[in-house]
Amino acid sequence: MNKILIAIFFCLLGCTACQHTDKPSIKEKINSINELELIVCTMAKTYTLRDAYDKDVENDEFNFINWLEHSVKKGDRIGVYGLRRSYSAYINLNDVSDNDIIVKDNTIYLTLPEIKIKTLGNDIIPIVYHERVTGLRFDIEESERLAMRNKASSLLDKEIADKTSTLFPSMKQQAKDKARGWFSAMLNSWGYNTVITFKEKP
């Protein structure tokens, strides 16, 4: 649906090409797009499940009883799983106001809303790469798989939201580059030069 709106939006350019479009009309056309999805990125995370006998990310409930129980049991109990989640970098063009559009001679100074990132969905069932239960170990239950999947999902969300990581700024920069290309093409077709910036939260 979003792609259809964008296609219709750019088809309208032919009606006003090579002509100056006034400021209210520019704002109206931008607002009409609503939420503009710029890029979609799919991330994957691998995680493991095993008996809680050591201090690690998977087994944060480690205690002496877990260790003692593990030490007297024979066999292995381990599961290796994968999780995929898709994220969208977008801007809400309803937030563009008159103050964000400044026209000086043949140049438009356009300030676009902050780039935001949202989750597009989950894998409800984890991808099973490997499971091994031998000896006196108990079978891995579905509730354990689900709990680990939820934990891995939360960790992945934190990585995406962490502004000090490489993922967050990379997605935002790609989204900015695409938005600049689209809006420059639109405004250039109306006879304007462009200077496009983005709002940023401190």
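This report walks through the predicted fold, from the whole chain down to a few single residues.

## About the model

The model is predicted, so local features are given where pLDDT is at least 70 and side-chain atom pairs where it is 80 or more, while totals for chains, interfaces and linings use all residues. Residue numbers start from 1 along each chain as its sequence is written, and side-chain values use heavy atoms, with hydrogens and water left out.

## The chain as a whole

The chain holds six helices and seven strands. These elements are DSSP runs numbered from the N terminus, with helices being H or I over at least four residues and strands being E over at least two. Along the sequence they follow the pattern α-α-α-β-α-β-β-β-β-β-α-α-β.

Of the 202 residues, 35% count as buried. Here buried means under 20% relative accessible area, exposed means over 50%, and partly exposed lies in between (1.4 Å probe, protein chains only). The accessible surface of the chain is about 11,800 Å², and 55% of that belongs to carbon and sulfur atoms; areas come from the Shrake-Rupley method with a 1.4 Å probe, and for residues only the protein chains shown count as cover. Among contacts with a separation of 6 or more, 83% are between residues 24 or more positions apart, where contact means heavy atoms within 4.5 Å.

## Strand β2 and its partners

Two strands count as paired if DSSP finds at least two bridges between them. With β1 (residues 35–50), β2 runs antiparallel over 15 bridges; Glu 37 has Tyr 90 in β2 as its bridge partner.

## The three-stranded sheet

An open sheet of three strands has the order β3-β4-β7, with mixed pairing. β3 (101–104) and β7 (193–198) are the edge strands with a single partner each, so one side of each has no neighbour in the sheet. Neighbouring strands are turned by 15° against each other on average, direction ignored. Helix α6 packs on this sheet, touching β4 and β7, and its direction makes about 150° with that of β7. For such angles, axes are lines fitted to C-alpha atoms, for helices over the stretch in contact, and values run from 0 to 180 degrees between N-to-C directions.

Within the sheet, β3 and β4 (residues 107–112) pair in the antiparallel sense over four bridges, and Ile 102 stands opposite Tyr 109 in β4. The loop between β3 and β4 holds Asp 105, which has a positive phi of about 55° although it is not a glycine. Asp 105 counts as exposed, at 72% relative accessibility.

Helix α6 has 23 residues (167–189); at 1.5 Å a residue it should span 33 Å, and its end C-alpha atoms are 34 Å apart, which agrees. The expected span is 1.5 Å times one less than the number of residues. Buried residues of α6 include Phe 168, Met 171, Lys 172 and Ala 175. Just after the helix, Gly 191 takes a positive phi of about 95°.

Ile 117 sits in strand β5 (residues 116–121) and counts as partly exposed, at 23% relative accessibility. Leaving aside residues up to four places away in sequence, Ile 117 touches Tyr 87, Ser 88, Ala 89, Tyr 90, Ile 160, Phe 168, Met 171 and Lys 172. The C-alpha atoms of Ile 117 and Phe 168 are separated by 8.5 Å, though the two residues are 51 residues apart along the chain.
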